[in-house]
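This report describes one protein chain, part by part. Keep the sequence and the 3D view at hand while reading.

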Amino acid sequence: MTLVERLQHALEGGHGLDTVLLTGDHRDLELDQTTPLMSAAVLIAVTDRPSPGVILTQRTDTLSRHPGQVAFPGGRIDPGDDGPIAAALREAEEEIALPRDRVAVIGEVDRYRTVTGFEVTPVIGVVPPDLVLVPSAAEVAQVFEVPLDFVLDTSNHVEATVEWQGRNRHYYEITWAGHRIWGATAAMIVNLSRRMRWNG
């Protein structure tokens, strides 16, 4: 069975309707329904190797939004994009020079709302191992790969709390090789772990 088939099978055979998913940063806050959310998409690129990995980026410290944080390649869905999949592929190509024609797209998974006003659609795809990825100097400080087994392992999902706007905000973080994966990126990983039935 190919990695694409294994991931498709894991998603199709995943947990049922009783699965509790994280819907957004506002899960413990009052969400202002009058504020329109901006649409965005990210690419969860899984490397096709015996022990698959997930490609992540560390954002530059000069960015106005989430400087220095770990993220999936991705960004806002532009008017010229044909939906979230096209946007995720375009953004990955722009940010880390990942050729869109090298991505075997599996599909979209559960959307996530960020505290900064975005509704993010994660797109899962499989990519060849050891592609030469070149980070865009303006946006990406580093590109790295984390083992898929590690990030999907619930024992590595640590829930933390911080006070934000006078109330406690709960979030997840995952630490790997000195990288702190937290916030929306960690939440989307937690959702993927809860959605899939992955046996490694």
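Where is the place of Glu-91? Glu-91 is in helix 2, which covers residues 84–96. The model discussed here is predicted.

The relative accessible area of Glu-91 is 9%. Because the cut-off for buried is under 20%, Glu-91 counts as buried. Leaving aside residues up to four places away in sequence, Glu-91 touches Gly-74, Gly-75 and Arg-76. Strand 4 consists of residues 74–76.

## The chain as a whole

The chain has 200 residues, and 46% of them count as buried. Its secondary structure comes to four helices and eleven strands.

Contacts between residues at least 6 apart in sequence were also examined: 67% of them join residues at least 24 apart. The accessible surface of the chain comes to about 10100 Å². Carbon and sulfur atoms account for 49% of that surface.

## Helix 1

Helix 1 runs over residues 3–12, and its buried residues are Leu-3, Leu-7, Ala-10 and Leu-11. Seen down the helix axis, these buried residues fall within an arc of 95 degrees, so they line one face of helix 1. The face turned away from the buried side carries the exposed residues His-9 and Glu-12.

What covers the buried residues of helix 1? The cover includes three strands, namely strand 1 (38–47), strand 5 (104–108) and strand 7 (118–127). It also includes helix 3 (148–152) and helix 4 (183–195).

Strand 1 is part of the cover of helix 1. Of the ten residues of strand 1, eight are buried, so this strand is largely enclosed by the rest of the structure.

Strand 1 pairs with strand 7 in the parallel sense, over ten bridges. Val-42 has Gly-74 in strand 4 as its bridge partner. Gly-74 is also one of the residues that Glu-91 touches.

## The aromatic pair

How many aromatic pairs does a search of the whole structure find? The search finds one. The pair is formed by Tyr-171 and Trp-182, whose ring centres are 5.2 Å apart. Their planes meet at 65 degrees, so the pair is edge-to-face; the cut-off for that class is over 60 degrees. Tyr-171 lies in strand 10 (residues 167–176) and Trp-182 in strand 11 (residues 179–182), eleven residues apart.

Is Tyr-171 buried or exposed? Tyr-171 has a relative accessible area of 12%, so it is buried. The ring of Trp-182 has a further neighbour: the charged end of Arg-180 sits over this ring, 4.5 Å from its centre.

## Glu-173 in strand 10

Glu-173 is found in strand 10. Which residues does Glu-173 touch, not counting residues up to four places away in sequence? They are Asn-156, His-157, Val-158, Arg-180, Ile-181, Trp-182 and Ala-186. Among them are Arg-180 and Trp-182, the residues of the charge and ring described above.

Ala-160 is 13 residues from Glu-173 along the chain, and the C-alpha atoms of these residues are separated by 7.2 Å.

Notes
Residues numbered from 1 in each chain as written. Predicted model: local features only at pLDDT ≥ 70, side-chain atom pairs only at ≥ 80, totals over all residues. Heavy atoms only, no water. Helix = DSSP H or I, 4+ residues; strand = E, 2+ residues; numbered from the N terminus. Buried < 20%, exposed > 50% of the residue type's maximum accessible area, 1.4 Å probe, protein only. Contact = heavy atoms within 4.5 Å. Areas by Shrake-Rupley, 256 points an atom, 1.4 Å probe, with all protein chains shown as cover. Arc of directions from axis to C-beta. Pairing = 2+ DSSP bridges. Phe/Tyr/Trp six-rings, centres within 6.5 Å; stacked < 30°, edge-to-face > 60°. Lys NZ or Arg CZ within 6 Å of the ring centre and 35° of its normal.
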